[in-house]
There are 4 protein chains.
Amino acid sequence: MEQLKIGIIGAGRIGKIHAENIARFIPQAKLEGIADIKLRAEQEAWAKNLGARIVSGDPEDILKDPSIEAIIICSSTDTHADFVIAAAAAKKQIFCEKPVDLSVPKVKRALEAAGKAGVKLQIGFNRRFDHNFARIRQYTLAGDIGQVQIVKITSRDPEPPPPAYVAVSGGIFIDMMIHDFDMARFQAGSDITEVYAAGAVLVDPEIGKAGDVDTALVTLRFANGAIGVIDNSRKAVYGYDQRVEVFGSGGAARAENDTANTVTLANGKGVTGEKPLYFFLQRYTQAFIDEMVSFIDAVKNGKPVVVTGEDGLEDMYAALAAGKSLKEKRPVGLEEIRKEY
Amino acid sequence: MEQLKIGIIGAGRIGKIHAENIARFIPQAKLEGIADIKLRAEQEAWAKNLGARIVSGDPEDILKDPSIEAIIICSSTDTHADFVIAAAAAKKQIFCEKPVDLSVPKVKRALEAAGKAGVKLQIGFNRRFDHNFARIRQYTLAGDIGQVQIVKITSRDPEPPPPAYVAVSGGIFIDMMIHDFDMARFQAGSDITEVYAAGAVLVDPEIGKAGDVDTALVTLRFANGAIGVIDNSRKAVYGYDQRVEVFGSGGAARAENDTANTVTLANGKGVTGEKPLYFFLQRYTQAFIDEMVSFIDAVKNGKPVVVTGEDGLEDMYAALAAGKSLKEKRPVGLEEIRKEY
Amino acid sequence: MEQLKIGIIGAGRIGKIHAENIARFIPQAKLEGIADIKLRAEQEAWAKNLGARIVSGDPEDILKDPSIEAIIICSSTDTHADFVIAAAAAKKQIFCEKPVDLSVPKVKRALEAAGKAGVKLQIGFNRRFDHNFARIRQYTLAGDIGQVQIVKITSRDPEPPPPAYVAVSGGIFIDMMIHDFDMARFQAGSDITEVYAAGAVLVDPEIGKAGDVDTALVTLRFANGAIGVIDNSRKAVYGYDQRVEVFGSGGAARAENDTANTVTLANGKGVTGEKPLYFFLQRYTQAFIDEMVSFIDAVKNGKPVVVTGEDGLEDMYAALAAGKSLKEKRPVGLEEIRKEY
Amino acid sequence: MEQLKIGIIGAGRIGKIHAENIARFIPQAKLEGIADIKLRAEQEAWAKNLGARIVSGDPEDILKDPSIEAIIICSSTDTHADFVIAAAAAKKQIFCEKPVDLSVPKVKRALEAAGKAGVKLQIGFNRRFDHNFARIRQYTLAGDIGQVQIVKITSRDPEPPPPAYVAVSGGIFIDMMIHDFDMARFQAGSDITEVYAAGAVLVDPEIGKAGDVDTALVTLRFANGAIGVIDNSRKAVYGYDQRVEVFGSGGAARAENDTANTVTLANGKGVTGEKPLYFFLQRYTQAFIDEMVSFIDAVKNGKPVVVTGEDGLEDMYAALAAGKSLKEKRPVGLEEIRKEY
């Protein structure tokens, strides 16, 4: 089997996950190089230990290497678009972590670059590959749900981020709910046409002072006529709450949370089961692998990627519309956002 | 034990349920009389068989009977308000089926009459007495959920009503979702201040022709800062879907559907459990009894009723606001509706 | 509709349940009379209030009344057989609470009397009518489970009986597990041929001093080749535990416990649901009604009863065999027990 | 971190699993060598690819290598004991797949060799490390279950093995239920003192012709007074059924099957969830890793191993007793078996 030769830019948390997944679990690919502009000694040791041929503080070493066929961009968000453009120029296949950029024009330029270069561009919305949510979509595609009518997504974090992070994150819709907009579009099999956002500061007043909300409920209209709702909270005391329900003319499919085990304890107080898995690293462990396997398959076998750059852009429009809706207290059509750019 | 003497006006479906419940299950009350302006022979036989002393085609026979202490109004909706006023004039305690009327001014007059007469007035929002939903509220009141932040209600019927009914029903918000507005206010422990409604005709085009929607998703804001969402569908192929989730700073409580049994069948296809109980008569059997027990307790022991006339009015404001929101495609504050009257 | 005229002998706990069920829920029957040899004033008032024409301290008043068609025997166990014989002599249809007697010869005489008189005799093994367990049997009869191979029954009480009761109860196999032997035979669709009993005193040493065990595990062999196991405990701290699993060549069906509601509470400790319903009165409320409806249907429509006197006898053989197995520390064939009588 | 240097003898299915787990997931250990007496070319390539320094057709190359500290024995069952003895002679720490041998004297000699050499010997009863079953044991050890009274184990395979395999496997108790005897002892926290076995040929007559049963139900008595039951079937059409329930004076803990996802599909037929994970490779993936991590931890940190050679011997006594019980149709004490050797 010919292995796809991969270079990774960015050796932070998510870069490490992808590197280790490729090295351990994905025999279809070979980790050729890892570059990070702030490469620390222990990262260097770690990368070498994983068998990377190129370990560098300069991403150019990855981009210009002729044997590397695909680039995984895991650097800081503000550098994503530039690396996409550079990788496209180098005719590399591209997997880019979400979001491509916080600026729509920059996202567009990146997408355009990849398009013109004729290379694939997959965005890191890993939840589409989750065993639960993918199963729901399979039911829908198999006709078991009939015409999709209502999509409901519950997405709550176990702990709020520090208010300092919130201030630069782009806000709850860009930072957190963007995953759910992507999930909603995936499950509905349709783009979002309009959103209405209700939000509140109920978890941490500091988040409010930073100009954001920590609790939000967004109504969605889809192009295919379905409607949907997403609820986000920055803090669920019982842990990471990730559930999806798709209701249609022929049935409904629901995914419950994952837990560490199936054990229940019955005593005088009731029958108690485990809490959900703690957070996204525990919850989406396999999805991180599966999105990469899917990307590699798309590249090697000439298939379309499952999450395109256009998906990333559409998700961002939804997030921007939600922000505007919250601010202006009215439903906002995505066409209105699209026209702004 | 002194039994509360009760007369029932209206011997249709819901009147029969209340009559039989009192006769069979509620020893604290005595069914003294039943009147229906279109009393049929078999209804007369049935009523006598239940031990009713007065069985009449004239509600006046109930209203003027000096021994009857409480009146249960189960007649057609357009007569509710007048019977409330008449019962108040006769100093009877009043239980009135929902809605009091489709006209807000008439509702107000009825409430005013009951208030001036100093009689109790309970509205038939029986779901507050449901074993599941009441349990959630108990958790909240016990502090197990902390501050309520998000209320989510799923409420879907197994079959749509005939389009002819839809045309005179007041529409999905007045006819169907009004139960959920009441549930939302009950679970939030707070009034609704604003709604935003998304709706669609996805079940039956005839419902659309009748000027209504059959699928709706309404976002709620509550006076206490919480937010909420209700989704309604006129048709869930798997049956009556009645679920509530309350999420708060200290935890979350969820009620699943009721089923006829707990059996699962495992075979090569999966592990299959029963569908939900078919419809409201099966699902809320005990709640119909318990709301009546609660009313009788309030009357006999001088307690406040659990669902007041003002609750009924607030629920109606929410329904009217939802209708306006859907029509005008904007969030509508309930204050705006209140001011219209 | 012609109502079946019923007389009840014995106005204790179970007699009251049957009387009230007939009066309230079973329009196919009429409660004609109630007799109890120790009739107290409040029982008399209660019986008259239920509409019984005959209320007496002498069961003969029931047995000799020509209009009464069926007798329900709810008196103390040691009088069951004699009342069966007397009722048979009076050509009454008979429903007799379990067990018919603790003495096999007396049971045989009672069965013989009913058989010769040509009257029906149903034994009060109400669990066959339970919504969960009946559903499992339906699956089996519908072929969904294939050939039954393993039957597993969990049956645990919330509280042990007083040791004084244990001493006269006949022991755990006769007093408690006999219900499970009947359930096992019902679910296997086959008689038990051999049992092996393991038992222990783990709940209350006083039960051991009374010569009984409080924890028992009995292996079953059925005539059709299936095997099974029953486990009993006199005390489950989480409440009444009543579960059945039937495993076969085509699938498996399992019934979980019933709970008062479907609500779960998620918090930092886990996700907690309700305990099982407390005890048999709460758990088998509907089954007590349904067994009576079934008996009345059998009588009125000439159908065989669902639980025959022979069933009762077979269940007793199994219980006696289990007792012998425990004592003699060996598997005991039921044929060995049958030959003793 | 100093890595434990490991050599593996046997490159079949289970040897491959351990080799890959060590190479990929267990940084605390280093895979130094792999030997298989029938080493094929593709195995050689695979082993080298995993980074093994020694890849050989001669286990002696592993045993005599001075740098290798621990040996994992994954060869055919009949060679286990000899390799244990050889490894002990070479002062290697030992992990041996189950069973050590089908002959008790040979097992004893192997245990004695390891004991005299002062090396650790862990047996491959991986289910003790399963996330579900380990969680139950944690509850028990934390006191949440009180005194253990009843242990129930359901263990059913998705497909029967070929009859030819059955003939040489040692039979259902040695080949299949031995895992459950070990689980029972683990959960009870006590040795088994007596067993009674009921068995039947219900799945495949060929298994019966091979002198074995395919369906079995074994009652257990434990030294601490608890009782238990294991049921085995060689074929559950719905898949691998692995459940444990521990009931005690303070509560009960139950583990349900694992499934590939949490999704349910509701439609007109009911609410259907996934089947259990297919078989032990899918079900116990993580347990295979965790048992190895535990072994390495025991070796490196001087802790006792979790599954000792004596555990393996006790489990075998239980299996032999069950076989004798089935044959002689009587309960068999383990002391009786122990005395035979």
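This is a predicted model: local features need pLDDT of at least 70, side-chain atom pairs count only at pLDDT 80 or more; totals for chains, interfaces and linings use all residues.
Colleague: Which phenylalanine does C:Phe181 touch?
Modeller: Contact means heavy atoms within 4.5 Å, and residues up to four places away in sequence are not counted here. The partners of C:Phe181 include C:Ile192, C:Val218, C:Leu220, C:Ile230 and C:Asp315. The phenylalanine among them is C:Phe173.

Colleague: Is B:Leu220 buried or exposed?
Modeller: This residue is found in strand β9 (residues 215-222) of chain B. Its partners in contact include B:Phe181, B:Ile192, B:Val195 and B:Ile230, and its C-alpha is separated by 9.1 Å from that of B:Ala318, 98 residues apart along the chain. Buried means under 20% relative accessible area, exposed over 50%, partly exposed in between (1.4 Å probe, protein chains only). Because its relative accessible area is 1%, B:Leu220 is buried.

Colleague: And how does B:Gly170 count in relative accessibility?
Modeller: B:Gly170 is found in the loop between α7 (163-168) and α8 (172-175) of chain B. B:Leu102 is 68 residues apart from B:Gly170 in sequence, with 7.2 Å between their C-alpha atoms. Because its relative accessibility is 44%, B:Gly170 counts as partly exposed.

Colleague: Why is helix α6 of chain C largely enclosed by the rest of the structure, and which chain B strand do its buried residues pack against?
Modeller: Eight of the eleven residues of helix α6 (residues 131-141) of chain C are buried, so the helix is largely enclosed. Among the buried ones are C:Phe133, C:Ile136 and C:Tyr139. They pack against elements of chain C, including β7 (148-156) and α9 (178-188). The chain B strand they pack against is β13 (263-267).

Colleague: What lies at the start of α6(C), and what phi does C:Gly143 take just after?
Modeller: At the start of α6(C), a side-chain oxygen of C:Asp130 comes within 3.0 Å of the backbone nitrogen of C:Asn132. Just after the helix, C:Gly143 takes a positive phi of about 90°.

Colleague: Which side chain does C:Arg243 join in a polar contact?
Modeller: C:Arg243 is found in strand β11 of chain C and, because its relative accessibility is 8%, counts as buried. Its contacts include C:Phe133 as well as D:Glu245 and D:Arg254. A polar contact is a pair of N or O atoms within 3.5 Å; within protein, one must be able to donate a hydrogen and the other to accept it, and residues adjacent in sequence count only if both atoms are side-chain atoms. At 2.7 Å, the partner side chain is C:Asp241.

Colleague: How many salt bridges are there between chain D and chain C?
Modeller: The contact takes 45 residues from each of chain D and chain C. A salt bridge is a side-chain nitrogen of Lys or Arg within 4 Å of a carboxyl oxygen of Asp or Glu. One joins C:Glu256 and D:Arg254 (2.9 Å, N to O). The count between the two chains is eight.

Colleague: How much area do chain A and chain B bury between them?
Modeller: Here 46 residues of chain A are in contact with 46 residues of chain B. Buried area is the accessible area (1.4 Å probe) that two parts lose on being put together, summed over both. With 58% of it on carbon and sulfur atoms, the area is about 3300 Å².

Conventions
Residues are numbered from 1 along each chain as its sequence is written. Chains are lettered from A and ligands numbered from 1 in the order in which they are written. Side-chain values use heavy atoms; hydrogens and water are left out. Helices (H or I, at least four residues) and strands (E, at least two) are DSSP runs, numbered from the N terminus.
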